[in-house]
Every structure is written in C-alpha cells, then in structure tokens.
Amino acid sequence: MKFPRVSGSNLDGNHLPLPGWFDGDPTLLLISFQWQQRSLVDPWCSVADQLAARYDDFEYYELLVVDWRSRMLIGRTRRADLLTTDQHDRMVVLRVNKRQFRQSLGLLGEDTVYALLLDDDYVVRQAAGFPVSSTIDGLRTLLEEWEDARPPTGVEAGQTTNSTG
C-alpha cells in the first residue's frame with residue numbers, strides 16, 4: 001500500500017510534505033498517537049539507530065499523529081525539551097484526521113505504536129508494539145538484501161582513477 005500524502009511539521013514548526021520529505025532508501029517510520037507511548041517508541045529508536053549505523057541509505061523518523069482539531073503544541077511544551085537533539089530532528093507531528101490516516105495504512109488502533117518500512121513511498125513491512133527479535137532479524141535481512149541488490153558505484157564498480165597527469 002502507498003503511504004498517504006499528508007503534511008506534517010517538525011518541532012520547529014516547519015511544514016513538511018510527506019512522504020516526499022523523507023530522506024532514506026528505505027525509510028522506517030515509527031508511528032505513535034500519544035506522547036505517553038515514548039516507552040514503546042524508544043526501543044524502536046535503539047534498533048533503528050543500529051540499522052542506520054550499518055546501512056548507509058537507511059533512515060528513520062518518528063511520527064506523532066494528533067487529530068487535526070487538537071490544540072496541542074508539542075514544539076512548545078516541556079515534553080519536547082526532554083528529547084535528545086537526534087530525536088528532536090527526527091520527530092514529525094502530523095495533524096490529520098486520525099481515523100482516516102489509520103484506515104489508509106490498515107492500523108487497527110491507537111493503543112500501540114507501529115513501525116512501517118517504506119520503499120519508494122510504499123509500505124513494504126509493518127509491525128506493531130514492542131520490537132521483537134524476529135521482526136528485527138527480518139528488517140536486517142531485508143536491508144542486507146537491498147544493499148546486495150544495489151548496483152555498485154564508483155571504485156566498487158571497477159572504476160579506477162587515472163593518476164597520470
């Protein structure tokens with residue numbers, strides 16, 4: 001399924017057109033519906049940090065989905081001050097019709113967090129709740145397969161530099 005075209009904003013209030021703004025190939029999205037779900041988001045961030053350190057093109061973001069009618073200003077609350085710089089830079093707030101957003105992605109409810117792996121704006125893997133070893137292993141395997149399938153570039157492709165002048 002294709003990730004819906006929505007608008008979000010970072011914690012500095014900058015408008016972000018999604019999914020086009022995401023910088024990653026592939027991209028992992030960690031979706032939560034309540035600030036209190038940080039205890040479920042943080043373990044996913046640890047996993048994603050390890051994957052990002054290993055796979056050059058992989059990126060991840062946290063999406064906090066709030067109802068478009070909500071007056072919550074996450075960027076101006078003390079809660080946002082509790083984030084590390086990296087967490088702050090990866091956080092995107094979506095003000096959308098939450099029910100429609102969930103339905104468009106097949107998300108069953110708002111009581112847990114979701115991890116969606118995107119490739120070319122399409123959801124290719126989805127998990128809910130706490131990251132379990134089988135899910136993490138599956139992500140690693142998929143990322144390794146993608147990395148192996150990429151055409152080699154530069155020196156890896158057999159190009160040599162001409163040192164004669």
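These are my notes from looking through a predicted model of one protein.

**Overall layout**

I started with the fold as a whole. I count five helices and seven strands in the protein. Reading from the N terminus, I get the order β-β-β-α-β-α-α-β-α-β-β-α. Of the 165 residues, 42% are buried. I then looked at contacts with a separation of 6 or more, and 72% of them come from residues 24 or more positions apart. The exposed surface comes to about 9,500 Å², with carbon and sulfur atoms supplying 47% of it.

**Glutamate 62**

Next I went to a charged residue. Is glutamate 62 buried or exposed? Its relative accessibility is 2%, so I put it down as buried, the cut-off being under 20%. Glutamate 62 sits in strand β4, which covers residues 59-67. I wanted its partners beyond the four places on either side in sequence, and I found Leu30, Arg38, Val41, Cys45, Gln87, Arg90, Met91 and Val92 in contact with it. Arg38 and Arg90 are both on that list.

**The cavity**

As a reminder to myself, rolling a probe the size of a water molecule over the atoms shows where empty space is left. The search gave one cavity of 30 Å³ or more. About 50 Å³ of space lies in the largest cavity. Which residues line the largest cavity? I wrote down Leu30, Ser32, Gln34, Trp35, Arg38, Val41, Glu62, Leu64 and Met91. β3, α1 (38-54) and β4 are the elements that each give two or more residues to this lining. Glu62 turns up here again as a lining residue, and Leu30, Arg38, Val41 and Met91, also in the lining, are among the contacts I had noted for glutamate 62.

**Helix α4**

I moved on to α4, residues 98-105, and asked which of its residues are buried. They are Lys98, Phe101, Arg102 and Leu105. Down the helix axis these buried residues fall within an arc of 95°, so they line one face of α4. What do the buried residues of α4 pack against? I listed β1 (6-10), β3 (27-32), β4, β5 (91-96), β6 (114-119) and β7 (122-128).

At its start, a side-chain oxygen of asparagine 97 comes to within 3.2 Å of the backbone nitrogen of arginine 99. Just after the helix, glycine 106 has a positive phi of about 70°.

Last, I looked through the backbone angles. Most residues other than glycine have a negative phi, and most peptide bonds are trans. I noted the exceptions below.

- The peptide bond from leucine 18 to proline 19 is cis, with omega near 10°. I place proline 19 in the loop between β2 (15-18) and β3.
- Aspartate 25 and proline 26 are also joined by a cis peptide bond, omega about 10°. Proline 26 lies in the loop between β2 and β3.
- Aspartate 120 is not a glycine, yet I read a positive phi of about 50°. It is found in the loop between β6 and β7, and at 59% relative accessibility aspartate 120 counts as exposed.
- Aspartate 121 likewise has a positive phi, about 70°. It lies in the loop between β6 and β7, but with 22% relative accessibility I log aspartate 121 as partly exposed.

Definitions and conventions. Residues numbered from 1 in each chain as written. Predicted model: local features only at pLDDT ≥ 70, side-chain atom pairs only at ≥ 80, totals over all residues. Heavy atoms only, no water. Helix = DSSP H or I, 4+ residues; strand = E, 2+ residues; numbered from the N terminus. Buried < 20%, exposed > 50% of the residue type's maximum accessible area, 1.4 Å probe, protein only. Contact = heavy atoms within 4.5 Å. Arc of directions from axis to C-beta. Polar contact = N/O pair within 3.5 Å; in protein donor to acceptor, adjacent residues only side chain to side chain. Areas by Shrake-Rupley, 256 points an atom, 1.4 Å probe, with all protein chains shown as cover. 1 Å grid on protein atoms, 1.4 Å probe; cavity = no way out; pocket = protein on both sides within 12 Å on 5 of 7 lines; lining within 4 Å. Points joined across faces, edges and corners; volume = space filled by probe spheres on them.
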